[in-house]
Amino acid sequence: MRADLLFAAVAIGLAAFVTSGLWTDLGRRSLAASTSDQTFFEWLLAYGPYALTHGQDPLFADLLNVPYGVNLGMNTSITVIAILFAPVTWLFGATAAYVTVLTGNLAASAFAWYWVLSRHLVRSRLAAAVGGLLAGFAPGLVSHANGHLNWTAGWLVPLIVWQVLRLRQPGRWLRNGVVLGLLVAAGFSIAAEALFFTAIACGIFLGTWALSRAVRAEARAALPPLLRGLAVTAVTSAALLAYPLWLHFAGPQRFHGTGYDAVIHAEDLAGYAAYPIRSLAGVLGLDTELAANPTEENSFLGAGLLVLAVVCLVTLWRRADPGRRATLRALAVTGGVFAVLSLGPKLKIMGTVTGIPLPYALLDDVPLFDAALPSRLALAVAPIFAVLLALTVDRLTGRQPAVDTGADAPALDAPATAGGGRSRAVTTAWIAGFAAALLPLTPMPLLTVDRQPVPAFITSGAWRDHVSPGGVLVPVPLTLDITPDAQRWQAYALAHRQGEFRLPSGYFLGPGGPDGRGRIGPLPRFTDGLLLEVARTGKVPPIGAAERAGVRADLDYWDAEAVVLADHVFGTAWPVRQDALLELMTELLGPPERVEDVWLWQPTDG
């Protein structure tokens with residue numbers, strides 16, 4: 001128990017260290033790499049509990065993308081997390097809830113892996129700690145901490161994997177199947193893509209393990225309770241996910257595929273030996289720019305860890321009996337398959353696409369795979385490395401096998417006996433190898449920037465004097481991934497229970513991409529293109545009757561009640577020229593009204 005508490009304290013402390021830049025000022029600080037993603041998840045944290053307490057659909061929102069709405073079943077809804085953390089959102093705001101969940105996700109991911117390893121796979125708490133820290137603070141998870149509450153919820157993976165293995169327990173398939181079904185339902189809400197990858201990993205691991213001659217009898221005996229448990233899991237999860245699955249595959253505003261280029265969003269082969277930006281090696285100048293963006297450094301394990309993992313596998317293999325080799329083989333095959341698939345449809349080396357076809361090319365248009373990014377398959381490699389390192393440390397510390405192997409899961413490599421003896425030089429070499437592989441990957445605090453505070457027009461509730469309940473407020477510029485401010489305004493109003501206003505756009509995935517695929521945000525209209533161009537360049541074009549008619553048509557289409565320009569507008573890609581926007585909107589709609597700290601036009605007045 002003391003070791004568990006110590007590890008929990010270390011995990012929480014390290015997670016707080018990584019997110020420390022956000023804690024310094026919850027009102028203004030935002031993640032530099034992806035302010036838009038942070039805004040989107042803050043909005044989800046506010047919308048989920050608001051929807052449930054106001055009789056609205058938590059999985060389909062009509063507050064964005066007027067008049068069509070947003071299918072949150074096709075996005076990442078994190079409904080489970082939003083409901084659990086509703087008290088934090090209501091008491092302290094959506095930003096506080098976001099930072100709390102982000103920090104908690106990292107710490108819980110490390111602790112979940114530590115718990116599963118220490119209770120079921122290894123006896124050494126040190127071994128479990130090494131594995132837990134590597135899996136919970138893997139470069140990919142720290143990279144996704146630049147915005148993504150879904151992918152940082154890595155604590156789901158060890159729980160799901162272990163429950164899958166527990167299905168083989170004789171006589172307990174019903175209970176274990178129900179528990180796994182509940183986890184699957186929660187996983188679909190929090191990170192459907194990660195759930196999909198976890199299912200694939202379990203299938204590859206169990207299939208490879210069962211094909212080994214040494215365990216065929218054990219596999220045959222385990223098959224009936226496993227299948228019965230999976231049937232219970234399917235019934236349980238299907239009952240809970242019937243509506244979300246309908247939304248995903250047949251609901252309004254659905255689409256097929258993400259619309260992202262699978263070649264661009266694939267891992268570079270050199271990325272596996274590279275070091276991430278926000279690591280000790282990265283801040284010392286050893287990072288590279290091989291990822292599609294700073295939130296997608298999904299491999300980036302470093303050359304030292306690659307070598308160490310191979311050495312660990314060979315060492316464990318040499319002393320394993322045939323049954324335990326079946327497990328090691330299954331781990332290696334699973335890691336290898338995910339590593340190869342993460343490279344995408346064409347091999348890419350040091351940023352250059354070679355044109356050499358790879359297996360993922362056969363999967364690019366397959367349903368479910370077309371909605372995933374191949375580079376994220378690399379996230380499965382780090383936990384496999386973590387298990388190998390934990391088993392090796394367990395052997396080096398001379399511990400006996402964990403008590404739960406056998407009936408619960410495929411047997412893992414047995415550690416060496418305490419009396420085996422080992423020279424000090426060999427021990428020193430192992431310690432040096434682990435240090436050289438892991439210390440460079442030590443995570444550093446995420447980079448943050450100041451974003452504009454929510455205007456007093458919103459925080460004071462003054463907006464309610466100009467927009468009726470559920471009415472449409474049009475922000476200038478429109479809310480998109482590069483200008484996300486108004487979505488945060490809406491989150492503030494929902495979290496503080498001021499009521500609701502709707503927005504004509506938003507940052508989300510919706511239909512409208514090529515070949516029926518998705519796209520970010522709504523289909524463009526005349527007004528948003530005009531506003532974005534002026535916001536970016538600061539140049540106001542000549543305004544005539546045609547331009548005024550185009551904007552008026554859009555405002556009528558959205559049934560807009562108020563058009564609002566804040567004094568300061570945050571842009572994620574370039575500084576927003578607020579002065580030019582004020583000049584443009586005055587030309588289009590006439591002189592504005594000054595309300596609190598915004599300029600306001602009410603189209604019905606003109």
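A: The side chains of Asp365 and Arg517 meet in a salt bridge, at 3.1 Å from N to O, a salt bridge being a side-chain nitrogen of Lys or Arg within 4 Å of a carboxyl oxygen of Asp or Glu. This is a predicted model, in which local features need pLDDT of at least 70 and side-chain atom pairs count only at pLDDT 80 or more, while totals for chains, interfaces and linings use all residues. Residues are numbered from 1 along each chain as its sequence is written, and side-chain values use heavy atoms, with hydrogens and water left out.

Q: How many salt bridges does this rule count, and which residue forms one with Asp450?

A: The count comes to 15 salt bridges; Asp450 pairs with Arg29, their closest N and O atoms lying 2.8 Å apart.

Q: Is Arg29 buried or exposed?

A: Buried means under 20% relative accessible area, exposed over 50%, and partly exposed in between, with a 1.4 Å probe and protein chains only. Arg29, at 18%, is buried, whereas Asp450, at 41%, counts as partly exposed.

Q: Which side chain does a polar contact join to that of Glu267?

A: A polar contact is a pair of N or O atoms within 3.5 Å; within protein, one must be able to donate a hydrogen and the other to accept it, and residues adjacent in sequence count only if both atoms are side-chain atoms. Here the side chains of Glu267 and Ser299 are joined at 2.3 Å.
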